[in-house]
Amino acid sequence: PILLTGLGKLVRAFEKGLDPFQMPKNEIREELFMQEMTGRERIGNILKRQPVDRIGVFEHFWSDTVSKWTDNGWIDPAQSMADKFGFDLELQWAFNLVADLDFEPVVIEETEETILKRDGNGALLRRHKLHDSTPEHVDFLVQERQGWEEHIKPHLTPDRRRIDFAGYRETKRRAAENNRYFCWSGINVFESMHPVCGHQYMLMGMALDPDWVRDMANTYADLTIAMQEMLFAEEGYPDGIWYYEDMGYKQHPFMSPKMYREIIQPAHEKTVAWAHSKGLPVIMHSCGYVEPLLPGMLAAGIDCLQVIEVKAGMDLVKLYQNYGDRLSFMGGIDVRVLYNNDRSEIDAELEAKIPTVKGHYGYVLHSDHSIPNNVHPDTYRYFVDKGLELGRYL
């Protein structure tokens with residue numbers, strides 16, 4: 001059976017214009033005799049840009065999308081999205097970084113559509129009740145160094161109450177049962193700071209008091225590592241680390257490359273180096289336009305960039321051409337092509353990108369954000385199937 005499989009792939013190699021007799025022996029073995037891989041094996045190789053059977057697949061969905069699909073009977077509520085669509089990864093968000101764990105959130109105002117609350121970071125945030133969205137920043141107790149040192153920093157100590165041991169254990173078990181790659185997931189330092197002081201005061205601090213922002217970043221880096229050590233000592237290591245770190249908006253990052261290098265990058269280097277010391281690759285998510293920051297992010301050691309937001313100005317093919325030999329990618333497929341549930345639009349987007357970006361074996365299929373509720377599950381199913389068809393190797 002192995003010989004017949006190899007002969008079949010040999011024929012397909014000639015059909016694709018490849019000449020196995022001109023290929024080094026190791027490449028012949030990798031290309032012609034590659035067997036179906038598990039998700040865990042596949043993502044492990046993709047993060048190292050080593051040969052795989054096909055590109056990977058993963059996705060995020062807005063919660064109201066899952067609710068709509070379930071309420072309409074389009075998907076089985078007992079079946080996970082990972083099972084339904086054959087994802088290669090499982091994530092577990094295990095840490096609570098709110099400063100004051102004992103603070104009970106206070107409702108300041110509530111309407112039919114929104115709710116305004118003061119939280120344990122001293123932040124006053126307005127959230128929509130009817131759908132997922134970024135909260136409105138209304139006010140912050142912390143606006144400069146003194147507020148940080150008085151109200152927040154003393155609370156930021158490792159505490160078992162901050163860690164979801166049971167959730168981590170269960171997701172790790174489920175991933176193992178399904179041969180999926182398992183990532184601890186959570187926020188890194190940029191996403192840890194703005195819930196405390198908001199983007200406005202944080203960015204003003206970068207310009208006017210960089211040592212304050214540097215202290216915040218270093219404090220959150222140390223706290224994250226300390227709690228990872230606590231969790232992994234008890235429950236075992238994941239396969240990799242996934243950091244959420246939204247450092248850009250439309251056409252611009254939130255900071256200059258120089259500010260990134262001097263203030264944020266040292267904390268990224270610390271958290272990524274710790275992960276690498278345990279043999280854990282690092283995937284870093286960032287919405288927005290972060291291309292100018294990529295040299296610094298690479299220097300910090302990240303292994304994969306996700307989500308590569310097209311409408312913010314990110315260009316997956318361009319990034320692949322510039323960095324694909326040393327960085328893996330996940331995402332970069334414009335989610336807006338799914339909005340009309342038109343398969344021809346999906347075909348055009350996937351065909352323009354996947355045949356190129358799969359070249360170094362370092363790509364995982366994912367939209368450039370999250371799937372909204374105007375997308376039908378049959379459309380998303382087609383998106384996955386078409387993407388994986390284009391993303392197969394021999």
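Which residues lie nearest the centre of the second largest pocket? In this predicted model, F58, E59, F61, M81 and F87 hold that position, within a lining of 14 residues. The volume of the second largest pocket is about 290 Å³.

Two secondary-structure elements, helix 5 (81-85) and strand 2, each contribute at least two residues to the lining of the second largest pocket. Strand 2 provides the largest share, 3 residues. By residue class, the lining of the second largest pocket comprises 9 nonpolar, 2 polar and 3 charged residues.

The largest pocket has a volume of about 1,700 Å³. Its lining is formed by 50 residues, and those closest to the centre are R127, P135, E191, H194 and D246. At least two lining residues of the largest pocket come from each of the following elements: strand 2 (89-93), strand 4 (114-118), strand 5 (123-128), strand 7 (181-187), helix 8 (189-208) and strand 12 (304-307). Among the contributors, helix 8 gives the most, with 5 residues. The lining of the largest pocket divides into 21 nonpolar, 21 polar and 8 charged residues.

Strand 2 supplies at least two residues to the lining of the largest pocket and likewise at least two to that of the second largest pocket. The leading contributor to the largest pocket is helix 8, whereas strand 2 leads in the second largest pocket.

Conventions:
Residues are numbered from 1 along each chain as its sequence is written. This is a predicted model: local features need pLDDT of at least 70, side-chain atom pairs count only at pLDDT 80 or more; totals for chains, interfaces and linings use all residues. Side-chain values use heavy atoms; hydrogens and water are left out. On a 1 Å grid over the protein atoms alone, a cavity is a set of points where a 1.4 Å probe fits but cannot get out, and a pocket is an open set with protein on both sides within 12 Å along at least five of seven lines; lining residues have an atom within 4 Å of a point. Grid points are joined across faces, edges and corners, and a volume is the space filled by probe spheres set on the points. Helices (H or I, at least four residues) and strands (E, at least two) are DSSP runs, numbered from the N terminus. Ala, Val, Leu, Ile, Met, Phe, Trp, Tyr, Cys and Pro count as nonpolar, Asp, Glu, Lys and Arg as charged, and the others, Gly among them, as polar.
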